[in-house]
Amino acid sequence: SADVIVAGQAVYREHCLRCHGADGRGEGPDAAKLPMWPPTLNNTLMWRRLEGELFHHVREGLRGRDGVQTMPGFAAVLDDTQVWQVLDYLQANASGQTLREAGAWVHPVQVPDAPVHCRQGRSASLTGFRGMRLRLVVPAPGEPVPMDDPRFETVVLGVSPDADVNCRADTSALTEALALLLGVSPDELPGHQVLVDRDGWLRVRGQPGAAWSESDMVCRSDTTRTDAPSSAGEDRDGLNVLIRRMDAEPVLARRGGFPH
């Protein structure tokens, strides 16, 4: 959830930053004092290992082949909940850094859960929209909120309770978590949009002031495909092309090299 990711960021800053660095690249102020430099946590490391393996490493620490401890264990400092929180944060941070550097989410990421308030007093959560396409919108100052669209459920972030929108999410945690996943600062987030597929995977990123294009498909299951699902003459709506491709190419998640 968004709350867990933000809580994990606080745990990381207190207990991990001095070795792993503010950006997760392993260049913190205490890194040089360790027997081995910490690995970067911004690449595929968070997906090459199973979640239970990562959990064990944080609790029990790591040792080199010579038996020398290369990372201390935190079982006496962090409880199980805090360990899972920091792992969720690290995955979100790594996702945002790969998107920023490679232009794609190299590994698929689920939409972080958060409470949602809709018209007629309906309350829900982001994961409650499974089975439906979802659009998350962070309006830029002075720009109109996109109109509701029958192709997906639209959830607008950061608007007042009296805003004329069908569904809104007003938690600061979701804004911070989404900024992490997009590899931007919270101040850079306004104007962004994200499309989520029917299974809850983040698939498409719309950038401030830019028209929709196929390059906005930043989580691809078919990385070799270059053609759109329909020809330009048949469908000139860039957003519709993205939606159709998203539906046609479901995500197969992998963990530790195995499909899940």
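## Strand β3 and its two faces

Strand β3 covers residues 115–118, and its side chains alternate. Val 116 and Cys 118 point to one face and are buried. Keep in mind that the model is predicted.

β3 pairs with β4 in the antiparallel sense, over three bridges. The bridge partner of His 117 in β4 is Ser 123. Four residues sit between β3 and β4, and the two strands form a hairpin. In the turn, Gln 120 has a positive phi of about 60°. β3 also pairs with β7, again antiparallel, over two bridges. Here His 117 stands opposite Arg 168.

## The sheet

In what order do the seven strands of the open sheet run? The order is β4-β3-β7-β6-β5-β8-β9, and the pairing is mixed. β4 (123–125) and β9 (202–206) stand at the edges. Each has a single partner strand, so one side of each has no neighbour in the sheet. Neighbouring strands are turned by 30° against each other on average, direction ignored.

Strand β5 (residues 134–137) and strand β8 (residues 193–196) are an antiparallel pair with four bridges. Leu 134 has Val 196 as its bridge partner in β8. Helix α6 (residues 172–182) lies across β5, β6, β7, β8 and β9. The helix runs at about 105° to β6.

## Aromatic pairs

A pair of aromatic rings is described by the distance of the centres and the angle of the planes. The structure holds two aromatic pairs. Tyr 12 and Tyr 89 form a tilted pair, with 5.4 Å centre to centre and 50° between the planes. Tyr 12 lies in helix α1 (residues 2–15) and Tyr 89 in helix α5 (residues 80–102), so the pair ties together parts 77 residues apart in sequence. Tyr 12 is buried, at 2% relative accessible area. Tyr 89 is buried too, at 4%.

Phe 55 and Trp 84 form a stacked pair, with 4.6 Å between centres and 20° between planes. This pair also links distant parts of the chain: Phe 55 is in helix α4 (residues 51–60) and Trp 84 is in helix α5, 29 residues apart. Are these two residues buried or partly exposed? Phe 55 counts as buried, at 14% relative accessibility. Trp 84 counts as partly exposed, at 37%.

## Salt bridges

Side chains of opposite charge can pair when their charged atoms come close. The whole structure has 15 salt bridges. One of them joins Arg 25 and Glu 101, at 2.3 Å from N to O. Arg 25 is in the loop between α2 and α3, Glu 101 is in helix α5, and they are 76 residues apart. Arg 25 is partly exposed, at 34%, whereas Glu 101 is exposed, at 53%.

Arg 119 and Asp 164 meet in a salt bridge of 2.9 Å, N to O. Arg 119 sits in the loop between β3 and β4 and Asp 164 in the loop between β6 and β7, so this pair ties together parts 45 residues apart in sequence. Arg 119 is partly exposed, at 30%. Asp 164 is exposed, at 70%.

Arg 245 forms a salt bridge with Glu 214, with the closest N and O atoms 2.6 Å apart. Arg 245 lies in helix α7 and Glu 214 in the loop between β9 and α7, so parts 31 residues apart in sequence are tied together. Arg 245 is buried, at 3%, while Glu 214 is partly exposed, at 25%. Elsewhere, salt bridges that share partners join Arg 18, Asp 30 and Lys 33 into one network.

Note on methods: Residues are numbered from 1 along each chain as its sequence is written. This is a predicted model: local features need pLDDT of at least 70, side-chain atom pairs count only at pLDDT 80 or more; totals for chains, interfaces and linings use all residues. Side-chain values use heavy atoms; hydrogens and water are left out. Rings of Phe, Tyr and Trp (its six-membered ring) pair if their centres lie within 6.5 Å; planes under 30 degrees apart count as stacked, over 60 as edge-to-face and the rest as tilted. Buried means under 20% relative accessible area, exposed over 50%, partly exposed in between (1.4 Å probe, protein chains only). Two strands pair if DSSP finds at least two bridges between them. Axes are lines fitted to C-alpha atoms, for helices over the stretch in contact, and angles run from 0 to 180 degrees between N-to-C directions. Contact means heavy atoms within 4.5 Å. A salt bridge is a side-chain nitrogen of Lys or Arg within 4 Å of a carboxyl oxygen of Asp or Glu.
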